[in-house]
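Reader: I have a structure to look at, and I would like to know what stands behind the words used for it. Please take me through them by question and answer.

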Amino acid sequence: MRIIGLANVVVISIAIVGLSLLPGEPRPHAEPRETATVGGGDEGARPPATPTPVGLPPGGVSTPEFARQVHANEAGLVPVLMYHRILAKRLASLDRTPAQLRKELEKLAKRGYVPITAREFVRGEIHVPAGKFPVVLTFDDGHPSHFGLDAHGNPRPDTAVGVIHDVASRYPGFRPVATFWVNKEPFGLRDRDSQAAAVRWLTEHGHEVANHTWTHPNLRVLKRKKVREQIVRIERLLKKLGAPPSETMALPYGSMPRGKKSARSGSWDGTRYDFAGVFLAGAEPSLSPYAKKFDRGAIQRIQSNGKKGECRKWCSQYWLDWLDRHPGERYVSDGDPDRISIPEKRRGNIVAKRGLQVIAY
């Protein structure tokens, strides 16, 4: 599929204007290279939490005959959905209500999608049952509407995590995992103990908490040193909170710094970072991580929204319907984590990573 560069430029421009002017509550004060490495700034750091595999299917062994039977296409497109605030009453076009989020997740579950984290996606660890489709749920800014616990220690039902777990409880094949890219006050929490408790709960339940810069600036207008500082400062905080080193990061507003490489790797004040994937604000599905043209430094996402205005052809409702109408373009799992199964005509489009066997049928 040809990537429409103009669409991405327009969506990024809209995001910069829209997010800069969000009404209501303020932003919370708020191959190798597969792991961010962070050195320095260790004082007060908690032991990093170990991400817990949630709902991973038992691996099978794919054969050409089986791959053909389930229409496996692991060179296909993957929707990486982008969410911001989840509010009972929307205050901006990027906002979604809990009901809208629930409806979209139920649609995904009914259509055969299985969530994976952004970390799993960029690693190529797409452990999805045969014949099913991966989807990546991503939430930007670490807003209070994304996560919070009630008096019984359960996710509040009106938060993103509460909705995800509710849908998963009613659709057993729907893994309750997502990626939360946070800024300097994760989930609106100001004290370190509360922040650490939130990070611990999320990582212990299979979610990913990772880097979205310290203050959410437009990186395009910053000097390279300031870009690196923004990334390192939040990485140091996450380490102190007990999060694993970030393997992914999302660009604020989807805006790439003038030195593109500084978004993915660099150092500041003695601390290095090296991400396996950098995500845009995007306008279309992502290429498979096995695709030759997959760009780890600029991974596409899709804004969650309807089909009005600028979203007529660029947001989730449009693209999920498009993938239903073009099933041959969609990533379909073979259920075998040790093999990459593709139609023979797509053999030249992929790069087998870490010695995975390629099955072409």
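Reader: How do you know how far to trust the coordinates?

Author: This is a predicted model, and its chain has a mean pLDDT of 89, with 83% of the residues at 70 or more. Over residues 1–14 the pLDDT is below 50, and beyond near neighbours in sequence this stretch has 24 contacts in the model. Residues 16–41 also have a pLDDT below 50, with 72 contacts beyond near neighbours in sequence. Where pLDDT is low, the predicted coordinates should not be read in detail.

Reader: Which elements have the lowest and the highest mean pLDDT?

Author: Helix 1, residues 5–20, has the lowest, at 47, and strand 3 has the highest, at 99. In total the chain has 9 helices and 12 strands.

Reader: How much of the chain counts as buried?

Author: Of its 361 residues, 57% count as buried. The accessible surface of the chain comes to about 15000 Å², and carbon and sulfur atoms account for 53% of that surface.

Reader: Why is Glu247 called buried?

Author: The cut-off for buried is under 20% relative accessible area. Glu247 has 5% relative accessibility, so Glu247 counts as buried. Glu247 sits in the loop between helix 7 (224–240) and strand 6 (248–250).

Reader: What makes the pairing of Glu247 and Arg123 a polar contact?

Author: A polar contact needs a pair of N or O atoms within 3.5 Å. The side chains of Glu247 and Arg123 make such a contact at 2.8 Å.

Reader: What about Ser246, buried or exposed?

Author: Its relative accessible area is 1%, against a cut-off of 20%, so Ser246 is buried. Ser246 is found in the loop between helix 7 and strand 6. Ser246 and Trp181 are 65 residues apart along the chain, and their C-alpha atoms are separated by 9.6 Å.

Reader: Which residues is Phe139 in contact with, leaving aside its neighbours within four places in sequence?

Author: Among them are Tyr83, Leu101, His146, Ile164, Phe180 and Trp181.

Reader: How do you know that Cys311 and Cys315 form a disulfide?

Author: The cut-off is 2.5 Å between the two sulfur atoms. For Cys311 and Cys315 the S to S distance is 1.9 Å, and a disulfide joins them. A search of the whole structure finds 1 disulfide.

Reader: Why is the disulfide of Cys311 and Cys315 called left-handed?

Author: The torsion about its S-S bond is about -55°, so the disulfide is left-handed.

Reader: What about Cys311 and Cys315, buried or exposed?

Author: Cys311 has 2% relative accessibility and so counts as buried. Cys315 also counts as buried, at 2%.

Reader: What places Trp319 among the buried residues?

Author: Trp319 has 5% relative accessibility, under the 20% cut-off, so Trp319 counts as buried. Trp319 is found in helix 9. A polar atom of its side chain lies 2.8 Å from the backbone oxygen of Ala283. Trp319 and Glu284 are 35 residues apart in sequence and 7.1 Å apart in space, C-alpha to C-alpha.

Reader: Why is phi worth noting for some residues?

Author: Most residues other than glycine have a negative phi. Phe187 has a phi near 60°, a positive value in a residue other than glycine. Phe187 lies in the loop between strand 4 and helix 6, and at 3% relative accessibility Phe187 counts as buried. Tyr253 has a positive phi too, near 65°. Tyr253 is in the loop between strand 6 and helix 8 (261–264). With 11% relative accessibility, Tyr253 counts as buried.

Notes
Residues numbered from 1 in each chain as written. Predicted model: local features only at pLDDT ≥ 70, side-chain atom pairs only at ≥ 80, totals over all residues. Heavy atoms only, no water. Helix = DSSP H or I, 4+ residues; strand = E, 2+ residues; numbered from the N terminus. Buried < 20%, exposed > 50% of the residue type's maximum accessible area, 1.4 Å probe, protein only. Polar contact = N/O pair within 3.5 Å; in protein donor to acceptor, adjacent residues only side chain to side chain. Contact = heavy atoms within 4.5 Å. Areas by Shrake-Rupley, 256 points an atom, 1.4 Å probe, with all protein chains shown as cover. pLDDT = per-residue confidence, 0-100.
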